[in-house]
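Please look over the sequence and the structure shown below, and then read the notes that follow on a few of the helices.

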Amino acid sequence: MFSFIKKKLGWGQPEKADPADKATAPEASPAPAPAASQPAHGPAAAAPAAAATPPASAPSPGAWVPQAQDDTQTKPTDRRSWLDRLKNGLRKTGSSIAQVFTGTRIDDALYEELEEALLMADAGVSATEHLLTDLKQRVKDTKATDPAAVKALLADGIAELLKPLEQSLQIGQHTPTVIMVAGVNGAGKTTTIGKLTRHLSDHGAQVLLAAADTFRAAAREQLAVWAARNRVQIVSQEGGDPAAVTFDAVTAGKARGCDVVIADTAGRLATQIHLMDELKKVKRVIGKAMDGAPHEVLLVVDGNTGQNALTQVKAFDEALGLTGLVVTKLDGTAKGGVLAAIALWSRQRGTPVPVYFIGVGEGLEDLQTFNAREFARALLE
Ligand SMILES: Nc1nc2c(ncn2[C@@H]2O[C@H](COP(=O)(O)OP(=O)(O)OP(=O)(O)O)[C@@H](O)[C@H]2O)c(=O)[nH]1
Ligand SMILES: [Mg+2]
């Protein structure tokens with residue numbers, strides 16, 4: 001488990017939820033069950049699938065909870081298990097890079113092998129070149145003489161490159177904080193929203209989900225299951241327009257004083273112009289429902305898609321102006337090097353697009369904050 005949120009807890013503030021909604025809300029149930037679809041318009045547009053439970057120890061009204069984002073607060077056993085999963089996922093990459101450093105000499109052959117290994121790890125040409133140049137400089141500066149030391153210097157170089165991507169998602173500066181989630185089909189958007197909702201709820205935040213993936217009934221149901229499982233509210237509409245659903249959700253979130261509204265959108269390729277236009281419209285409409293929103297536009301990328309992930313990041317950023325990334329499925333066969341490519345692109349962009357979370361499995365607990373140093377280590381083990 002991790003803690004990443006900086007939130008202004010609303011407990012003790014004026015009543016948030018509309019009592020009328022509470023009266024009509026289905027009973028809270030721990031068992032996953034689809035929440036009822038709601039009409040998009042009218043006062044009952046958003047009804048809780050289950051009421052969010054306030055934290056056991058509520059702080060004083062309006063208190064700012066200090067940010068406790070350091071993963072080292074995680075229990076050692078929990079931490080071990082997800083790190084192991086990440087390492088297992090990156091094992092092939094790690095062993096092929098580590099292989100480069102098993103010799104006894106630092107020579108051109110070593111750098112050539114390393115270049116090949118980084119390219120194979122999906123780092124891409126630019127990031128590979130960057131890392132090699134940086135490594136040679138580090139070797140020169142430290143007068144390293146054995147390959148094991150060079151490996152440690154490479155870990156330093158990768159960690160330094162990735163460091164700007166290590167930032168935490170801020171919750172609490174707005175009520176609600178509106179998060180829009182986008183990505184290609186099957187990247188892990190809905191699952192990530194489910195996991196994120198769990199963590200936010202665990203930290204006492206009142207979350208409302210917007211089922212703006214209106215393409216498939218199954219997509220709405222999938223989000224409704226997560227809503228029920230996490231006991232949070234959902235705004236959903238049969239066959240509706242994604243922008244209208246999101247508008248209603250943000251409006252309801254504001255009226256109820258929710259801490260966070262998260263909009264799930266349908267998967268799409270960045271090359272599908274009309275679908276990207278639809279996504280832009282969702283973003284615009286969120287801004288109409290609440291000034292300054294969305295506060296976060298997150299792209300969920302599947303870590304297994306290699307350099308294609310960078311292409312997705314660039315294209316979605318151009319269309320939407322991304323504020324953060326979630327890289328999923330790093331427990332699988334992902335090679336991981338693409339994060340170096342994203343980091344280098346981020347550097348050129350001026351403002352980094354942080355990796356708020358990484359997905360290391362399908363379970364509720366399998367979402368973790370990104371740590372550059374740990375990731376660099378996992379990549380080389
Ligand atoms: N192993 C693993 N599987 C994941 C992870 N995140 C998501 N998945 C799986 O990936 C599949 C697709 O996840 P969804 O959350 O439905 O993806 P989506 O982006 O919402 O898909 P669409 O809405 O169809 O575009 C599901 O089987 C998830 O369980 C992860 O971090 N690790
Ligand atoms: Mg989905």
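A residue counts as buried if 20 or more other C-beta atoms lie within 10 Å of its own, as exposed if 12 or fewer do, and as partly exposed in between, with C-beta atoms placed from the backbone. This is a predicted model, in which local features need pLDDT of at least 70 and side-chain atom pairs count only at pLDDT 80 or more, while totals for chains, interfaces and linings use all residues. Residues are numbered from 1 along each chain as its sequence is written, and helices (H or I, at least four residues) and strands (E, at least two) are DSSP runs numbered from the N terminus.

**Helix α7**
- In α7 (residues 189–202), 12 of the 14 residues are buried, so the helix is largely enclosed by the rest of the structure.
- Among these buried residues are K189, I193, R198 and L200.
- Just after α7, G204 takes a positive phi of about 90°.

**Helix α10**
- The buried residues of α10 are L279, V282, K283, V285, I286 and A289, and, seen down the helix axis, they fall within an arc of 165° (taken from the directions from the axis to the C-beta atoms), so they line one face.
- On the other side of α10, I273, H274, D277, R284 and K288 are exposed.

**Helices α11 and α12**
- α11 and α12 pack at an angle of about 30°, with their axes, which are lines fitted to C-alpha atoms over the stretch in contact, 8 Å apart.
- The two helices α11 and α12 are therefore roughly parallel to each other, a term for angles under 35 degrees.

Terms used: Chains are lettered from A and ligands numbered from 1 in the order in which they are written. Axes are lines fitted to C-alpha atoms, for helices over the stretch in contact, and angles run from 0 to 180 degrees between N-to-C directions. Angles under 35 degrees count as roughly parallel, over 145 as roughly antiparallel, 65 to 115 as roughly perpendicular and the rest as oblique.
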